Amino acid sequence: MTATDEGDASNADADAVDPDEVRHVADLARVDLDDDEAAAFAEQFADVLDYFAALDEVPEVEDEPDLVNVMRADEVRDGLTQEEALANAPDSEAGFFKGPTVS
Amino acid sequence: MTVPSGFTSGVANPGSTMARAAERAELVPVIGLEVHVQLETDTKIFCGCSTEPADDEEPNTRVCPTCLGLPGALPVCNEAAVEAAVKVGKALDADIPEETRFHRKNYYYPDLPKNFQITQYDAPLCADGELEFSHEGTRRTVNVRRAHLEEDPGSLRHVREGPADLDVRTTSVDRADYSLIDYNRAGTPLMEVVTEPDFRDPREVRAFLEKLEEVLEYLGVFDAGRDGSLRIDANLSMIEAGEVGDDGAIDEDVLESANRTEVKNISSHKGAEQALSYERNRQENLIKRGKAVEQETRHFNETHGNTVSMRSKEEEKDYRYFGEADLPALQVSDWKERIAIPELPDARRERFRGAYGLDAEAASKLTSRKAVADFYEQVAEEFDPDLAAAWVADTLLGELNYRDMAVEDVTDRLDEFTRLIELVATEEVTTKNAEEVVLRTMLDEGLTPDEVIEREGLGTAAADEVAAAVAEAIDENPDAVEDYHAGEGGAINFLVGQVMQKTGGSADPGDVNAMLRERLDG
């Protein structure tokens with residue numbers, strides 16, 4: 001949880017998402033953003049985090065015990081056909097998904 | 001090997017005192033490994049898709065919403081993968097913690113359909129293990145920091161535009177126009193075994209990997225013959241020999257202050273030795289010249305036997321590891337008691353030496369593959385253990401090796417080899433014929449030993465047949481008989497040769513020699 005204790009989004013602290021952070025993550029994801037877009041996303045992130053801050057107001061409730069050891073037997077199940085697998089792909093070739101080369 | 005040997009001391013800057021000091025100090029490599037092994041299960045780690053590639057299979061035919069990362073699909077852990085991991089942990093004498101969890105490792109690459117890989121971060125399934133192995137006659141123990149489960153990504157193919165066949169247009173990433181992705185491999189269970197930086201020599205690494213594979217194969221969780229079943233990342237730094245304690249320990253601050261490189265893309269034992277020898281020499285050269293080793297990730301090029309710098313965008317923090325909320329925690333520490341593992345290679349080696357009176361070399365040869373050890377044991381129960389050892393360890397493995405075959409290729413014919421050993425043990429065929437004709441024909445033409453013996457007329461000559469041949473040889477060669485009586489040593493060998501010829505090699509030369517002497521001296 002990265003919301004500020006003061007609950008004031010304009011009072012950005014070290015955890016807030018600034019335009020540099022947005023550009024860094026965009027770079028890792030190979031998404032090309034210009035300065036205006038980076039600034040706009042930083043603002044939107046602040047809003048989103050602010051919404052989540054509302055969770056801090058939720059009173060403690062008794063947790064249900066966590067599940068453990070949920071596993072399945074090692075048995076083969078039918079999956080998708082190649083045609084089904086590629087159905088939503090914007091582009092494909094010879095049964096492969098096709099996309100730009102990423103280095 | 002195309003590894004450059006040694007360093008060029010002439011390049012060192014003579015004006016730099018640092019360079020001179022470095023030139024004097026002997027440097028040793030410090031190496032740690034991350035070994036990714038593919039676990040043998042029928043299905044993928046988080047879905048029911050098969051892990052077994054069909055012959056010439058089409059891309060994207062062993063996929064489902066889960067391993068394609070489609071929205072809303074949920075992973076469910078494969079019990080067999082967890083069992084296999086517990087077996088590995090047990091064999092490595094590792095701790096299986098009370099609770100272990102999965103995490104998401106976030107990065108963006110097309111081989112990863114979800115944009116994160118499910119792996120284990122701070123709660124791995126195995127911790128604090130070790131593996132003992134032999135290297136150049138000494139026993140070494142390397143500590144295993146952790147071993148965890150994770151999913152394999154898909155596979156990429158980089159291609160150029162054009163009308164030609166896809167195989168022809170496939171190229172390297174920097175020459176390609178676009179990429180093709182096959183997710184058949186995505187979700188295959190992997191175990192990543194992380195060692196402490198305990199290696200001091202690239203050759204040690206090779207010996208360790210051989211031993212690790214041996215153990216994994218004994219456990220029945222690994223198939224060395226499968227393409228890509230073993231992938232290795234190795235880190236190496238050079239430190240001054242004086243910093244290594246008598247017990248091989250190195251101060252943590254010293255290790256921390258030495259820049260290290262991580263070498264990726266190693267896929268074989270030999271490749272590991274080659275990549276690390278290259279990297280050791282490269283770093284040594286830099287240091288001797290007074291230059292700094294850059295802390296970086298490098299890519300091993302198997303064709304050229306070298307390593308090249310690889311730009312890596314992500315730093316550790318960029319992976320933003322967080323708990324995989326779709327997979328509940330595992331509490332399997334009690335499985336360590338519940339799940340049995342077979343006798344491991346070292347124990348079996350010792351037992352073979354004691355039970356069958358084998359020397360160290362034969363015991364080692366016979367136990368390095370489980371299938372060989374099982375076969376030997378079966379034969380040694382029935383026949384003379386020494387004869388069985390010679391046949392299995394030397395003759396059979398030698399002939400298989402010569403044909404680029406492994407014991408796996410003949411597992412359904414083991415009873416035929418048992419029959420051949422029986423024929424030798426009961427002297428129905430001579431050792432020479434059994435080795436040089438029968439076994440080779442069996443392997444080359446797929447015949448049974450009895451079929452070969454009948455076709456080639458190789459049954460051991462009956463005693464009266466040999467006696468007749470002895471008599472004939474004496475009658476036909478009065479000169480040789482005379483020479484024998486005159487005390488000429490070579491004469492008897494000539495006569496033995498004559499008898500062997502008459503019996504088509506099916507008589508025992510020692511017996512023939514004795515029979516001849518008896519007749520001639522009598």
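Helices (H or I, at least four residues) and strands (E, at least two) are DSSP runs, numbered from the N terminus.

Good morning. What you have before you is a predicted model, in which local features need pLDDT of at least 70 and side-chain atom pairs count only at pLDDT 80 or more, while totals for chains, interfaces and linings use all residues. Residues are numbered from 1 along each chain as its sequence is written, chains are lettered from A and ligands numbered from 1 in the order in which they are written, and side-chain values use heavy atoms, with hydrogens and water left out.

Let me start with chain A. Chain A contains three helices and three strands, and from the N terminus its elements follow the order α-α-β-α-β-β. Of the 103 residues in chain A, 20% are buried; buried means under 20% relative accessible area, exposed over 50%, and partly exposed in between (1.4 Å probe, protein chains only). Contact here means heavy atoms within 4.5 Å. Among the contacts in chain A between residues at least 6 apart in sequence, 38% join residues at least 24 apart.

I turn now to the meeting of the two chains. The contact draws 34 residues from chain A and 51 residues from chain B. The size of an interface is often given as the accessible area lost when the parts come together. Here the area buried between chain A and chain B is about 3500 Å², with carbon and sulfur atoms giving 59% of it; buried area is the accessible area (1.4 Å probe) that two parts lose on being put together, summed over both. Which three residues supply more than any other three of the area that chain A buries against chain B? They are Arg72(A), Asp74(A) and Phe96(A), which supply 21%.

The rule finds 25 residue pairs in polar contact across this interface, both residues being at pLDDT 80 or more. A polar contact is a pair of N or O atoms within 3.5 Å; within protein, one must be able to donate a hydrogen and the other to accept it, and residues adjacent in sequence count only if both atoms are side-chain atoms. On the side of chain A that touches chain B, at least two residues come from each of helix H1 (19–28), strand E1 (71–72), helix H3 (82–86) and strand E3 (96–99) of chain A. By class, that side has 17 nonpolar, nine polar and eight charged residues. In this count Ala, Val, Leu, Ile, Met, Phe, Trp, Tyr, Cys and Pro are nonpolar, Asp, Glu, Lys and Arg are charged, and the others, Gly among them, are polar.

How many salt bridges does the rule find across the interface of chain A and chain B? There is one, between Arg169(B) and Glu93(A), with the closest N and O atoms 3.3 Å apart. A salt bridge is a side-chain nitrogen of Lys or Arg within 4 Å of a carboxyl oxygen of Asp or Glu.

Strands also pair between the chains, where two strands pair if DSSP finds at least two bridges between them. An open sheet of five strands, with antiparallel pairing, has the order E2(A)-E3(A)-E9(B)-E7(B)-E8(B). Its edge strands, each pairing on one side only, are strand E2 (92–93) of chain A and strand E8 (170–171) of chain B. Within this sheet, strand E7 (residues 155–159) and strand E9 (residues 178–182) of chain B pair in the antiparallel sense over five bridges, and Arg157(B) stands opposite Leu180(B) in E9(B). Elsewhere, E1(A) and strand E2 (residues 77–78) of chain B run parallel, joined by two bridges; Met71(A) has Cys77(B) as its bridge partner there.

Finally, some salt bridges of chain B. Over all chains the count comes to 53. Asp346(B) and Arg349(B) meet through their side chains in a salt bridge (3.6 Å, N to O). These two residues are separated by about one helical turn because they are three residues apart in helix H8 (residues 345–356) of chain B. Asp346(B) is partly exposed at 24% relative accessibility, whereas Arg349(B), at 15%, is buried. Asp444(B) forms a salt bridge with Arg403(B), their closest N and O atoms being 2.6 Å apart. This pair links distant parts of the chain, 41 residues apart: Asp444(B) lies in helix H13 (residues 431–445), and Arg403(B) in the loop between helix H11 (385–402) and helix H12 (414–425) of chain B. Thank you.
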